[in-house]
Amino acid sequence: RFPRISPSGGIVLQYRDLGRTGIRVSEIAFGTGGISELMVSDDHEEQLRAVKGALDLGITFFDTAMGYGNGKSEANLGRALKSLGAEVTLATKIRLGPDDLSDPRGAVVASVERSLERLQRDSVDLIQIHNYIAPERKWPFGLVLDEADVFGPGGVLAGFRELRDRGKVRFFGFTGVGDPGALGGLAESGEFHTMQSYFNLLNPSAGHPVPDS
């Protein structure tokens, strides 16, 4: 589905529920990754114009991560939203490294607290896992978690729950990258409210039914 075009030629955004959160958001979100370089640059005036333009079009969902520009994306987005006095649905992410795996819960809590400082907010609507997920942390790329890191005592989910209990986050999600079976375990656990899936011209598989086998 794509945005409708009004008779005057303007874009008319569609809105739908965000996963299982019950939050109604624009189907098109404002992403802040480093590919475009805008939100990880030092051009604060251009960032402000871009965020204001998105708000004027009716975009209500903004997605960032501590891993985008090593926190610069969060800081720049937080600055722009505060300057505009904008109330939006906001998501960010945690990404744990090897040194964090001795205490995933503590690392998650510390990471989100730093993210909130950069975003200049008391809370975010959605916190997401930004690591690959694979059995025994075996995957061709780094920064991998296995299901035990997520669900085990003192794991990522324990950190998410603590943050929710403290009013720092509302809902939990994960990025759908890694081993399909392990990702299925997260999805079927019922603990997560959203999953981000790749969907682009090179990989449109998320827009099609999953084969039976």
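Modeller: Let us start with burial: a residue is called buried under 20% relative accessible area, exposed over 50%, and partly exposed in between (1.4 Å probe, protein chains only). By this definition D63 and K93 are both buried. This is a predicted model, in which local features need pLDDT of at least 70 and side-chain atom pairs count only at pLDDT 80 or more, while totals for chains, interfaces and linings use all residues. Residues are numbered from 1 along each chain as its sequence is written, and side-chain values use heavy atoms, with hydrogens and water left out.

Colleague: What makes D63 and K93 a salt bridge?

Modeller: A salt bridge requires a side-chain nitrogen of Lys or Arg within 4 Å of a carboxyl oxygen of Asp or Glu. The N to O distance between the side chains of D63 and K93 is 2.6 Å, so the pair meets the definition. D63 belongs to strand β6 (residues 61–63) and K93 to strand β7, so the bridge ties together parts 30 residues apart in sequence. Helices (H or I, at least four residues) and strands (E, at least two) are DSSP runs, numbered from the N terminus. The structure holds 14 salt bridges.

Colleague: How do you know which way the buried residues of α5 face?

Modeller: In helix α5 (residues 156–165), the buried residues are V156, L157, G159, F160 and L163. Seen down the helix axis they fall within an arc of 160 degrees, so they line one face of α5. The arc is that of the directions from the helix axis to the C-beta atoms. Among the elements covering these residues are β7 (89–94), α3 (104–119) and β11 (169–175).

Colleague: What is R161 in contact with, and why is R161 called partly exposed?

Modeller: R161, also in helix α5, has a relative accessible area of 33%, which is why it is partly exposed. Contact means heavy atoms within 4.5 Å. Leaving aside neighbours within four places in sequence, R161 is in contact with F172 and E191.
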